[in-house]
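Hi,

Here is the structure I promised to pass on. Please open it beside this email and follow along.

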Amino acid sequence: MAALFAVVAMAGCSTSSFKQVQTWEGPEAQPGQVALLHKPGSVQIVSVNGQDMANYLTDDLELTYQLLPGQNTVVFTYKTIWAKQGVVDNGESKVHVVETDPQQVVINARAGESYHFVLPKAETRSEAERIRQNFQAKVVNEQDRQVAVSSEVVKQTPQLPTLPGAPQTAASATAGAAAGAATASPSATPAVPSAANNLPTLEGLKVLWERASTDEKKDFLRWAFQ
């Protein structure tokens, strides 16, 4: 709840565009210390190195994610939207959504490099369905050289990269504590991802509101309108 108050206190200080999304817990990176992964609106980044990324109210945003140098495992889905033909019933969606199962790419990121997705394109909904069943995407660098190919998600303990110059023990302790907490309390509510702290005020509020409990929302509304 304190985090929600902190975001409210910063109202009026947001910018009109999204900042780059940090994908790790810890200090922010300096320019040139990280690689950048650009994703189109049709791609939804689910997690990076086991850390859940924020789910936005509008998920068709083009965003840039910062990756630490080293091996990064990025889990994502790919979605296309197709208009329904003819008349639809009242309350029925006017579109068909074709979305893949979660996929992953493993990117050996280098500081200062920039990457983007190369995705299969469909001309019709039936073609999109066929692509979904045998989906494969690529990630390329600025020279259009392939650096990763997507595959089905393989659950494993990620080898977390570290920010150059940051104390490695602190990063290891953070990862260990998170893993221990998940093991000891599987039903515990997950913490708000650090990505929410790197967004404009309004988008940060949306992320935090989605993750707040019913009691926290009531307490916040009482505070906001007192």
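Below is what was found, from the whole chain down to single residues.

Please keep in mind that this is a predicted model.

**The whole chain**

The protein chain has 226 residues, and 34% of them are buried. Its secondary structure comes to five helices and 12 strands. The chain exposes about 13,700 Å². Carbon and sulfur atoms supply 50% of that area. Now look at contacts between residues at least 6 apart in sequence. Of these, 71% join residues at least 24 apart.

Strand 1 pairs with strand 5 (residues 63-67) in the parallel sense, over two bridges. Val21 has Tyr65 in strand 5 as its bridge partner.

Now go to strands 9, 10 and 11. Strand 9 (residues 114-118) and strand 10 (residues 138-141) run antiparallel, joined by four bridges. Take Val140: its bridge partner in strand 11 is Gln146.

How many residues lie between strand 10 and strand 11 in their hairpin? There are four. Asp144 sits in that turn, with a positive phi of about 60°.

**A patch on the surface**

Next, turn to Ile81, Val95 and Val97. They form a nonpolar patch on the surface. Together they have about 240 Å² of accessible area. Val97 belongs to strand 7 (residues 95-99).

Why does Val97 count as partly exposed? Its relative accessible area is 47%. Buried means under 20% and exposed means over 50%, so a value in between is called partly exposed. Patch residues need over 30% relative accessible area, and Val97 has 47%.

Then find Asp144 in the turn of the hairpin. Finish at the patch of Ile81, Val95 and Val97.

Best wishes

Key. Residues are numbered from 1 along each chain as its sequence is written. This is a predicted model: local features need pLDDT of at least 70, side-chain atom pairs count only at pLDDT 80 or more; totals for chains, interfaces and linings use all residues. Side-chain values use heavy atoms; hydrogens and water are left out. Patches are made of residues with over 30% relative accessible area and no salt bridge: like charges are joined within 9 Å, nonpolar side chains (Val, Leu, Ile, Met, Phe, Trp, Tyr) within 5 Å. Accessible areas come from the Shrake-Rupley method with a 1.4 Å probe; for residues, only the protein chains shown count as cover. A salt bridge is a side-chain nitrogen of Lys or Arg within 4 Å of a carboxyl oxygen of Asp or Glu. Buried means under 20% relative accessible area, exposed over 50%, partly exposed in between (1.4 Å probe, protein chains only). Two strands pair if DSSP finds at least two bridges between them. Contact means heavy atoms within 4.5 Å.
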